[in-house]
Amino acid sequence: MFDLLIIGAGLSGLQAAQSAQQAGLSVAVIEARDRVGGKIWSVPLASGRGYADLGGAWINVTLQPRVGAYVKKFGLKTVQQRLQGKAVMQERPGERFEFPFGVTPSGFTAQEKKSLEFIRDHIQAESLTAGPSKVADDNISLDQYVRDLGALPNVVKMVNLWAQVMHGLEATEYSAAWFIDYCRRNRGLLAIRADDASGGQHLRFQNGAQSLATNIAGLVGSSNIHLSSPVLSIIDHGSHTTVTTTTGKTFTGRKTIISIPSTMYKELNISPSLPQRVQEVTNATVLGDYNKAIVCYDKPWWRSEGFNGYFASYTGPVILGRDTSVEESRHYSLTCFVNGKPGREWSKLRPHERRAVVLKQLAQIFKGGKGVEEEVYKPIEFFDQVWQHETYSRGALAPITALGHYTKFADVYGKPVGNLHFVGTEYSTEWKGYMEGAICSGEVGAKEVVEALRGKERANL
């Protein structure tokens, strides 16, 4: 019998295993995929020039100390996000304007800029205020919240773009309280939006983000991680738990940690069933339409035209793009986020159609430079990843609660049930939705299990 069984070898599950081992517990990690990392997934380029990060990619080693410590421990090389150059805003397929990166887009009128700054500063202030989420804010959508604050139409569109970029949903589809608390757990709205040293998009891994997961897995030990083992059933017997896989393996443990998105709990055969209120909140969580198209080129042609690769669009299907090149390996790429409602429609297209519309939009975004359009249509590699199509993820970043549920079920959401414990970036108190948040949740979950087991041991003395 193991002390602890862990379902899921994403960053939360791996960290829970490592922390439990450090506390002297024996562990078995059970993973459905044939790899570790979960939504951290790096695939090698055919050109041999490095990796494409199909999932999470950005970190900040100063503001995110757990990730920072691992980067130092493993000697992982990082690349700073490129900021120099012009950015582009696309309002409609035939309308775009350029502006200096890091400032309010120049297409806004003075009145609209004032309205945007008011909304931005209000949410920033709310997200830096400690305390529980407000029930009233949880019962209205983010869209309605900013409208009630007097946001002008163009500002409402910008806030919707924030929602699409950050969570893969429309601002009408989730609560203001969830959005504000997400910002609160991530050092405020401005830190989430920033690409410099003050924010969450400061650095990327030179050899792909999955190098972080594989190195943590190395600490856990390959003999303790069971890949290609989808879970068939979980039984809490009171004195212990058993987990059976579709491959016919059965694991027995004193405790079990479930480290998969809460949206997928309903697909697990858990006995006895989770309490009704736990089912009510987790059955209703959703994962955003969060997709990537990574377009790789032989040269960074956009830089010669003065662009830094950053662009945003109200029309889509790509709603935001960034330069994700790695100079050292001559890997030059634009990572395009195809999120929210535009991503929902894009994901229904066939692969060659998805590629075609992305390249067409890039040509519209970067038009004006000599020979730019010709260069756009000459990628050496193209990747796309629709996370809703990923069997063991079903979307990204973190599950989002239904309107009113975040406050209504705060007393049970993510809390232990018998011998079952729950971890994941969705529950993190720090950097929720980021790699740091996943590691933080795994660390906290393991500590929770250790304390519970020690409490049982004391009770039996």
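Strands here are DSSP runs of E, at least two residues in length, numbered from the N terminus. In this predicted model, one such run is strand E16, residues 291-297, and Ala293 has its place there.

Ala293 has a relative accessible area of 0% and is therefore buried, since buried means under 20%. Apart from its neighbours within four places in sequence, Ala293 is in contact with several residues, among them Leu334, Thr335, Trp346 and Phe383. Thr335 is 42 residues away from Ala293 in sequence, yet their C-alpha atoms are 6.0 Å apart in space.

Another group of strands forms an open sheet. Its three strands run in the order E5-E9-E6, with antiparallel pairing. Strand E5 (58-59) and strand E6 (78-80) are the edge strands, each pairing on one side only. Three bridges link E6 to strand E9, residues 203-205. In one of the pairings, Thr78 has Phe205 in E9 as its bridge partner.

Glu173 is partly exposed at 35% relative accessibility, and Arg344 is partly exposed at 23%.

Glu280 and Lys408 also meet in a salt bridge, at 3.9 Å from N to O. Because Glu280 is in helix H10 and Lys408 in helix H15, the pair ties together parts that are 128 residues apart in sequence. Elsewhere, salt bridges with shared partners join Arg66, Glu430, Glu436 and Glu443 into one network.

Technical notes: Residues are numbered from 1 along each chain as its sequence is written. This is a predicted model: local features need pLDDT of at least 70, side-chain atom pairs count only at pLDDT 80 or more; totals for chains, interfaces and linings use all residues. Side-chain values use heavy atoms; hydrogens and water are left out. Two strands pair if DSSP finds at least two bridges between them. Helices (H or I, at least four residues) and strands (E, at least two) are DSSP runs, numbered from the N terminus. Buried means under 20% relative accessible area, exposed over 50%, partly exposed in between (1.4 Å probe, protein chains only). Contact means heavy atoms within 4.5 Å. A salt bridge is a side-chain nitrogen of Lys or Arg within 4 Å of a carboxyl oxygen of Asp or Glu.
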